[in-house]
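This report describes selected features of a two-chain model. Please read it beside the sequence and the coordinates.

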Amino acid sequence: MTLPLILYRSLRQHALSTLVTAGSIALAVGLLMVVWMVKAQSQRAFVETSTGFDAVLGARGSRLQLVLNAIFHLEASPGNITAADFEQIRRHPAVKAAIPLAVGDNYRGYRIVGTVESLFTQVEYARGRRYAVQPGGRVFAGAAHEALVGSFAAERLGLRVGDTFQPYHGLVFDPSHQHEEIYTVVGILEPTNTPADRVLWIPLAGIQNMKGHDPKFATDLSAVLLQLRTPQAGFMLDMMYNRQGNRLTFAYPVGAIIADLFGKIGWFDRVLALVAYLVAFVAAGSVLASIYASMSARRRDLAILRALGARRHTLFAAVVTEAAVIGALGAVAGFIVYGALLTGVARIIRAQTGVAIDVLAWHPVLWVAPLAMIALCALGGIIPALKAYRVPVAETLAPTS
Amino acid sequence: MLTITDLRKSFPSPEAGGRPVEIVSVAHFALGAGEQVALRGESGSGKTTFLNLIAGLLAADSGRIEFDGTNLVALGEAARDRLRAERMGYIFQTFNLLQGFTVLENVVLGMSFGGGRVDRAHARSLLERVGLGSRLQHFPRQLSTGQQQRVAVARALANRPRLVLADEPTGNLDRRRGQEALALIREACAEAGAALLLVSHDPEVLGQFSPVRDFTELNRPAAPSAT
């Protein structure tokens, strides 16, 4: 019980510096874990979010832009494709399902996407999961001025079944560009934790025939979401559209294109990780500095303990353990920082991309980061511990007489 | 129980250009079990160094310190620490209590570094014996100087020592409190069966002891050699 008693009293005696140091460690550990979790989870979520489709067909341009636009409802559409192009791909024997999309309008910043009913009745947006409409609602019908609203958009816009809204032109909200048409909300989607939650879905013809849109392009589409019968079909269509043709872009496979995006922005992850490492080292340094700074004041206590028979290595162990305990206190508090930070970050990511980050998900960094921080703090305790080890007892306690 | 033979200790001295100057040179000194002896000596005569050598806080240059059949001079630092923790008590002039620990914890720590069991009941009974039974959870700063010295006495006896070393134990107390503390130390040591070796330069303290040995006669360090 001696070591715990010495530790407890020492921490109590230096309570303020203990708290401040543990606080800085909590920030460091929390930040480290958040950086890793956001990186790992967002990457996984983006790569896995194909919303049930294998490929996207769109106008000639960047595959990434096409995927971001059609799957994640981010970025602008690279251009339009004709109804004939859609019919051609829809009838292709390698294609299991083709869902047309038309974009170009918003309601208070939330995208309005025109599509067909079968997206919600026949497609699995994830393995074994179909879209579901909340009780009291239904999917829009045919060419009616009806809307099915994603759960997140409905919550943010305060829309309920029976409410009406007037779309705004363009993908960016501009109050001066309101369309005349009035749409009625006929259903709210159950949450899917996919980008679909941020969209107001209306019939395809709704976007195509919206007043103010050029009638010449009334049958055009922004993109086609595709389910393929076999992976080989993807490579065949890739050859057909991307290598041999020059009008359209076939983005396949969706996951690999997003993974490629993360590969390109990998430097950003590395910078974040570097910042987190630096914060961790600074925090461990603060343990060293705070204990080291208190060593002069503790010198006499250490000498008294030695006079009572405490061995040098006992005092060395006490100081190293104290540093580790401060690290452990910080690591435990780090989970509070982690929870608060990740909740905030997850909310922002969800609002911006529709991708859901699970705050309670497990990842090895959740034990590696706290343990590494405790070890780093213990390591930082070695220098003051050496000072404790070397305290000259007779010299410190009494002048020679 | 304690026999010292040809004990020598030198320290490098700035006045001697960094060369070692002998501080302690004791040809012979003996203390029997349960005996109480006072050493008279002026400041700077090497009394504290002598006690520190016996306690094993300092390593001797040469000679023998036979304590209960063990020669401390031949032991390494860790073994001396263990011997001190198990069989010696030390009372300092400045009490040297741990300010961040309660009165009871200070005494408990006095028995914590030996091989034996920590006996909190014994620590409590010692504090009751020195009249501090109602101050167990107080911190040293909450006590008077006399009370602090009593805690130091209880702590020195916590490990049931065979030998108690007391270095000017009344030096920081007024006359009345000094007398009380001295009486307490002597009684407590007698009750515990511990030998007591006390050093002081205070005639009033020394007057209560028999025998009193003159440390300046006992200690004959070599004069610093001229450069």
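## Basis

The model is predicted: local features need pLDDT of at least 70, side-chain atom pairs count only at pLDDT 80 or more, and totals for chains, interfaces and linings use all residues. Residues are numbered from 1 along each chain as its sequence is written, while chains are lettered from A and ligands numbered from 1 in the order in which they are written.

Helices (H or I, at least four residues) and strands (E, at least two) are DSSP runs, numbered from the N terminus.

## Helix pair in chain A

In chain A, helix α11 (residues 312–353) packs against helix α12 (residues 365–389) at an angle of about 150°, and their axes are 7 Å apart. Axes are lines fitted to C-alpha atoms, for helices over the stretch in contact, and angles run from 0 to 180 degrees between N-to-C directions.

The contact of α11(A) with α12(A) involves 19 nonpolar, five polar and two charged residues. Here Ala, Val, Leu, Ile, Met, Phe, Trp, Tyr, Cys and Pro count as nonpolar, Asp, Glu, Lys and Arg as charged, and the others, Gly among them, as polar.

## Contact between the chains

Chain B gives 30 residues to the contact and chain A gives 19 residues; two residues are in contact if their C-beta atoms, placed from the backbone, lie within 7 Å. On the side of chain B that touches chain A, α1 (47–55), α2 (77–87) and α3 (103–109) of chain B each supply at least two residues. The largest share, five residues, comes from α2(B). By type, that side of chain B has twelve nonpolar, twelve polar and six charged residues.

## Helix α5 of chain B

Nine of the twelve residues of α5(B) are buried, so this helix is largely enclosed by the rest of the structure. A residue is buried if 20 or more other C-beta atoms lie within 10 Å of its own, exposed if 12 or fewer, and partly exposed in between, with C-beta atoms placed from the backbone. Among the buried residues are B:Gln149, B:Arg150 and B:Arg155. Their cover includes β6 (88–91), α3, α4 (120–129), β7 (163–167) and α6 (175–192) of chain B.

## B:Pro169

B:Pro169 lies in the loop between β7 and α6 of chain B. B:Pro169 is buried, with 28 other C-beta atoms within 10 Å. Beyond its neighbours within four places in sequence, its contacts include B:Gln149, B:Ile185 and B:Leu198.
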